[in-house]
Amino acid sequence: MSSVTRPRRGTDFSRFPSSIPIVIDNGASTFRIGWAGEMGPRATFRNVVQRPRHRATGETVSIVGDTDPALMKFFDCTRSAVRSPFDDDVVYQFEYMEYILDYGFDRLGASSEAGHPILMTECECNPSFSRARMAELLFETYGVPSIAFGIDNAFSYKYNQKLGNCGEDGLAISCEHGTCHVVPFLKGQPVLGACCRTNVGGFHITDFLRQLLSLKYPYHTANFTWEKAEELKKEHCYVARDYMSELQIFKNNKEEAEEKTRYWQLPWVPPPKEEPPSEEELARKAASKEKSGQRLRDLAAVRRSKKIADLEKQLSDLEELMDQLDEAEESEATAILVKNKFLSQQDVKSAILKATQSLRKAKGESNADEEKADASAADRYPLVSVPDEELTPEQLKEKKKQIFLKTTTEGKLRAKQRRAEEEALREQEEEKRRTENPELYLEELRARYSELSEKFEQRKRQKVNGGHTNGNHGSSGGVGRGERLNAAQKERMRLLTSAAFDRGKGEDTFGQRDEDWLVYNKMSKDNDDDRNDDDESELVRIASKLQEIDPTFVSKSEAVQVTPEPPKFRPLTAEDYRIAIGIERFRCPEVLFQPGMIGIDQAGIDEMVSISLRRLMEDESVKQRLCQSILLTGGCSLLPGMIPRLESGIRQYRPYLSPLKIVRAADPILDAWRGAAAFAASSKFGKQTFSLADYREHGENLFHRYNIVYSL
C-alpha cells in the first residue's frame with residue numbers, strides 16, 4: 001500500500017478565528033489541507049474515492065483516500081473501482097470531489113460548514129468551467145465567505161525564491177502525477193501565455209512499470225498492483241543520462257547490468273517433501289485393490305450366470321420349437337414358423353447353432369466343435385446343396401447369395417494359401433541370396449525400399465493434389481474431387497451412379513441373375529486398396545529386414561513422425577518467485593522525455609523548455625537569464641538522475657556554451673502547499689479573493705480575467 005497513512009481528525013478547529021484562511025493543495029495524486037501560516041498541512045491523503053458495498057448490510061459506503069486491507073475484507077469491491085475526480089490534472093467529476101472535500105474538512109475538525117476563506121491550488125490555465133463549478137461547490141455546500149485560486153507551481157517557485165534557490169526571472173519545471181508543465185517567470189510573476197504542458201507524469205511511469213512486469217511475469221500479475229508498482233518506482237527507478245548507452249550496457253556488459261538489477265522476492269513456501277509410503281500403507285492399498293478386484297469379479301460372475309441362464313432358456317425354446325416342427329404336418333409347420341418369425345426349419349437350425357456356440361463361449365468351453373462348424377460349408381450355406389425345385393422364390397434369392405458368399409470365401413482362402421506359399425518361397429530365396437552375397441543383398445533391399453517409398457509418397461501426393469490432368473503438374477490448389485480419383489474409384493462411382501439412375505424405371509429385378517451379384521465385387525473398396533495394402537506391407541517388411549541387418553537404419557515414417565516428449569513437470573522454486581527489475585528501472589521514467597514510448601504524441605520535458613522559450617517573444621539575453629534559474633519541482637523530480645538528464649537535453653536546444661543552471665526545489669512535494677500557506681498568511685491575500693456576491697454578479701465571466709498576483 002501507499003506510504004500515506006489515514007490522518008486523524010483535528011480537535012482545534014474552533015480555536016481558529018473565521019478570518020484565518022484554509023489552504024488546500026488539490027493535487028491529482030494527493031489532497032493536502034491545513035491552516036495558513038503553518039509549516040505543514042494538517043491532513044494528507046490520496047485524492048481518490050471508492051464506494052464499495054458492505055457484505056453484511058448491503059449498504060454502500062464512501063471511502064476516501066487509502067484503505068486498510070484488514071477492513072476491506074468486510075466490503076464487496078468487485079463492482080466499485082477506485083475513482084479520481086481528475087482527468088489530466090483538471091477536476092471533472094465534482095461528485096467525487098464533494099466526497100473528498102467532505103472528508104478533508106472533517107479531518108480538519110469542521111463539524112458543519114467551513115466558514116473560513118479558502119485558498120485552493122490548481123493547474124496552469126485551468127478551464128473556467130472547472131473554476132466555476134469548484135467555486136459554486138465551496139460557496140453553496142460549505143458556506144465559504146471568499147475563495148482564491150492559485151497555480152501550485154507558482155507557489156512552489158515563489159517559496160523557493162524566498163529561500164534563495166531561484167531568482168526573480170526563471171523557469172519552473174513541474175513533473176506532477178498526470179502532467180508536466182514548464183512555466184516562465186518574469187519579474188516574479190508567471191507568464192501563462194508562454195507556458196507549455198504535456199499529458200505525461202508519474203501516473204504513466206507507474207502504469208508502464210506495472211504493464212512491463214505483468215508481461216515479463218504473467219503468472220504473478222496479481223502481485224503487480226498499482227500501489228506496489230508505485231512503491232517499486234520510488235525505490236528503484238532512475239533516469240538514465242543517455243538512454244541508448246544504458247541499453248547497450250544491459251545488452252553487452254553482463255557484470256555491470258547485474259549490478260544495476262534489483263530483485264524483489266515474492267512470498268514462497270517450499271512444497272512438502274513426499275516421503276515413500278510405508279509397508280503398512282502399501283499393504284493397505286494392496287488390500288483395497290484386491291477388495292475392489294474381487295467386487296468386480298463377483299459382478300462379472302453374476303452377469304455371466306444371467307447370460308448363461310438366458311441362453312439356456314433360448315436354446316430350450318428353440319429345441320422345443322424344432323420338436324414341434326418335426327411332429328407337425330407341412331401346413332401346421334408353416335403356421336408355426338410364421339408365428340415364431342422364421343422362414344424355414346433351416347433358419348431354426350441356424351438359430352440353434354448360434355445359440356449353442358454362444359452358450360459354449362459363455363461357459364468357456366472348447367471351440368473345437370465351433371471351428372469345425374465354421375469350417376463346414378454345409379452348415380454355413382445350407383441352401384447350396386438343395387435343388388431349386390424344392391425352394392421357394394425367397395429361398396432361391398437366398399441361395400444365390402449363399403453361392404456368391406461361398407465362392408468369394410473359398411477364393412479368398414485359396415488366395416491366402418497361395419500368398420503364404422509364395423511368401424515362404426520368397427523367404428527361402430532371400431535367405432539364400434543373403435548367405436551368398438550379404439552386401440549385394442543389402443543394396444538390393446535399400447534400392448527396393450527407396451523405390452517403394454517413392455511410389456508410396458507419390459500415391460499419397462496424388463490423393464491430396466490430384467493427377468496431372470488439370471495442368472498443375474502435381475501442384476496443390478484448384479484440384480477437384482474428380483481429378484483425385486484413380487481408375488478403380490472412377491469405375492465404382494460410375495456403377496453407383498448407374499444403379500441409382502436405374503431405380504424407379506420399372507420393376508426392380510436386380511439379383512435374379514448371377515452376374516448381378518458381381519457388381520458388389522466390382523464396387524468393393526477393398527479391391528481398390530489391395531494393391532496399396534500390399535505395397536505398404538511390403539514396405540514394412542523390407543524396413544524390418546533392413547533394421548535387422550543394419551541397426552543404424554531409420555525408416556522414413558519414424559524419422560518424420562517423431563513426436564516430441566511432453567515437458568516434464570518441474571516443481572516451483574524460490575527462483576520462480578524472484579522478480580528481476582533491470583531495464584525497467586530506467587525505461588519507465590524515459591516516458592517523460594519520450595512520450596511516444598507509450599503512444600502519446602507529445603513533446604518531452606526537455607523539448608518543452610525550448611517551446612516555452614520560443615513562445616516568450618523576448619530577446620536572447622532574457623532567455624539566458626531565465627535558463628540560469630530553472631527550478632525543478634513535483635514528485636517525479638525526486639527520481640535519481642533527473643537533473644543531469646534534463647540539463648543534457650536542454651543544452652541540445654540552446655546555443656553552444658549557453659549558461660544553464662537547474663536546481664531541485666527544497667521539498668518538491670510540500671513546497672506548493674507551504675508557498676500557498678505563506679501567501680494566505682500575508683496581508684495581500686484579502687485583495688486576491690472573490691466573494692459569493694462577486695460570483696453571483698459576474699458569473700463565469702469572473703474567471704476569464706481572474707489571476708492573482710503572487711507575492712510572499
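The model is predicted, so local features need pLDDT of at least 70 and side-chain atom pairs count only at pLDDT 80 or more, while totals for chains, interfaces and linings use all residues. Residues are numbered from 1 along each chain as its sequence is written, and side-chain values use heavy atoms, with hydrogens and water left out.

Side chains of opposite charge can pair when their charged atoms come close. The structure holds 30 salt bridges, a salt bridge being a side-chain nitrogen of Lys or Arg within 4 Å of a carboxyl oxygen of Asp or Glu. The table lists some of them.

| Salt bridge | Closest N and O atoms |
|---|---|
| D66 and R46 | 3.7 Å |
| R107 and D106 | 2.7 Å |
| R284 and E281 | 2.5 Å |

D66 forms its salt bridge with R46. D66 lies in the loop between strand 6 (63-64) and helix 1 (69-72), whereas R46 belongs to strand 3 (residues 43-46), so the pair ties together parts that are 20 residues apart in sequence; helices (H or I, at least four residues) and strands (E, at least two) are DSSP runs, numbered from the N terminus. D66 is buried at 6% relative accessible area, and R46 is buried at 15%, where buried means under 20%, exposed over 50%, and partly exposed in between (1.4 Å probe, protein chains only).

R284 and E281 both lie in helix 9 (residues 279-327), three residues apart, about one turn of the helix.
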